[in-house]
Amino acid sequence: MARDSGVSTGWSALAGVGVLGAFFILSFYSVVAGWVLYYVGVFAGDLVGALGGNLAGGAFAGQDQAAIEALLPALFADPVMLVSLHALFMAVTLFFVARGVSSGIEVVAVWLMPTFFALFLGITVYGAFTGAFAEAVDFLFAFNPERLLHPDVMLSALGQAFFSLSLGSALMITYGAYAGRDTNLAQSSLIIGGADTAVAILAGLCIFPIVFAAGLDAAAGPALMFVSLPVAFQAMPFGSLIGLLFFLMVGFAALTSSVALLEAPSSWLMHRFRVSRARAAILVAGAAFVAGIFSALGYNLLADVRPLAWWPSFAQLDILDSIDTVTGKILLPLSGLLTAIFIGWIADRRLIDAENGLSGGTQLLWRFLVAWLCPIVLTAILVLGIFPGLIG
């Protein structure tokens with residue numbers, strides 16, 4: 001696009017920022033997905049045991065809450081298990097990407113996504129009848145303008161939307177490059193944004209009824225999924241089965257994301273250096289696996305390592321959280337900001353207008369957003385990500 005617009009091809013470096021972001025996210029994302037695989041195994045074993053006893057009862061029969069809460073710390077203390085699960089998940093991701101778009105990635109989209117949604121809806125309906133559904137709805141949708149308009153909340157929401165839609169990490173650019181000339185990009189973008197929002201709302205309606213029914217803390221963060229929810233499944237009818245289905249659902253969702261994260265840098269490598277798809281995927285997955293080992297060991301053998309110790313606001317972050325911070329707070333917003341500036345101000349307007357499928361007032365609104373509002377917002381996200389203490 002830079003070459004066709006008659007401007008410096010140095011602008012292609014912005015794609016490199018996005019590719020780099022996707023690579024590093026994949027490296028630690030696979031580690032976290034390994035935790036999901038661990039809980040799939042835990043609940044599968046518990047379900048097998050329940051088949052010979054009381055299947056209709058809760059999960060982990062005969063175990064106290066402390067034993068269930070100790071599952072994740074026990075996993076963190078086992079470097080061999082963490083790295084092995086990381087390797088297994090990366091290998092599954094590599095399998096689908098190496099097979100290509102139609103034989104691999106399309107299979108994930110056509111089969112795993114419907115399965116994911118079926119499990120999602122099933123657990124949501126189950127929670128509506130057995131959990132605190134009304135309390136969850138009030139928690140999610142009660143209108144509190146004083147909270148909504150707080151700068152920290154608005155920036156967190158924008159950052160989450162940016163990350164959730166995979167903006168700034170070259171994923172959407174990569175998949176967009178595979179779209180045919182007859183694909184309406186504007187319509188596709190609307191569907192993607194709408195579906196992403198719908199899934200996020202559905203996730204709240206799936207998880208929070210279970211959380212509130214068990215009297216758990218809704219603000220527990222990552223511990224909510226890996227510590228609190230397993231405790232909640234102990235108190236639920238058919239807890240072993242529901243727990244297994246829940247973590248299978250999360251695993252499917254993680255795989256669809258990891259496939260995209262691996263595809264973006266693999267595609268860049270294929271076209272940049274003219275290597276085969278399989279070789280590119282193996283090289284990227286192998287490098288991401290090696291990088292991810294450090295994130296996995298950051299919970300045990302390298303637990304005292306603080307990569308951002310020189311950065312006061314993030315001095316206490318472990319290896320995984322440090323990589324997450326650099327990618328989420330710097331690389332992705334920076335890539336998005338450069339993209340907005342390039343598309344809004346640098347690239348040939350006629351080329352852009354010919355690609356985006358917009359016209360009339362919608363076209364003018366889109367151009368205003370890309371050229372003016374998006375750079376302002378992304379600059380705010382970037383600055384406040386680097387200097388979080390600027391907000392009260």
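Okay, let's start with a definition: a residue counts as buried when its relative accessible area is under 20%. Keep that cut-off in your head, and remember that what we're looking at is a predicted model.

So, take Tyr38. Its relative accessible area is 17%, and because that is under 20%, Tyr38 is buried. What about the residue Tyr39, buried or exposed? Tyr39 comes out at 0% relative accessibility, so Tyr39 is buried.

Now let's talk about rings. A pair of aromatic rings is described by two things, the distance between the centres and the angle between the planes. In this structure there are 26 aromatic pairs. Tyr38 and Tyr39 make one of them: their ring centres are 5.4 Å apart and their planes sit at 90°, so we call the pair edge-to-face.

Here's another one. Phe233 and Phe246 pair up with 5.7 Å from centre to centre and 55° between the planes, and this pair is tilted. Where do these two sit? Phe233 is in helix α12, residues 222-234, while Phe246 is in helix α13, residues 239-273, so the pair ties together parts that are 13 residues apart in sequence. Phe233 is buried, with 0% relative accessible area, and Phe246 is buried too, at 1%.

Okay, zoom out a bit. Which residues form one aromatic cluster with Tyr38? The cluster is made of Trp35, Tyr38, Tyr39, Phe43, Phe60, Phe76, Phe226, Phe233, Phe246, Phe247 and Tyr299.

Next, the helices. Helix α2 covers residues 13-51, and its axis comes within 12 Å of the axis of α12, crossing at roughly 15°. That angle is why we say α2 is roughly parallel to α12. The crossing itself is right-handed.

What makes the contact between them? From α2 you get Val32, Trp35, Val36, Tyr39 and Phe43, and from α12 you get Phe226, Pro230 and Phe233. Sort the residues of that contact by type and you find eight nonpolar, no polar and no charged.

One last stop, still on helix α12: that's where you find Ser228. Ser228 has 13% relative accessibility, so by our cut-off Ser228 is buried. And its neighbours? Leaving out residues up to four places away in sequence, Ser228 touches Leu216, Ala220 and Ala223.

Note on methods. Residues numbered from 1 in each chain as written. Predicted model: local features only at pLDDT ≥ 70, side-chain atom pairs only at ≥ 80, totals over all residues. Heavy atoms only, no water. Phe/Tyr/Trp six-rings, centres within 6.5 Å; stacked < 30°, edge-to-face > 60°. Buried < 20%, exposed > 50% of the residue type's maximum accessible area, 1.4 Å probe, protein only. Helix = DSSP H or I, 4+ residues; strand = E, 2+ residues; numbered from the N terminus. Axes fitted to C-alpha atoms, helices over the stretch in contact; angles between N-to-C directions. Parallel < 35°, antiparallel > 145°, perpendicular 65-115°, else oblique. Left-handed = near helix turned anticlockwise from the far one by under 90°. Contact = heavy atoms within 4.5 Å. Nonpolar A, V, L, I, M, F, W, Y, C, P; charged D, E, K, R; others polar.
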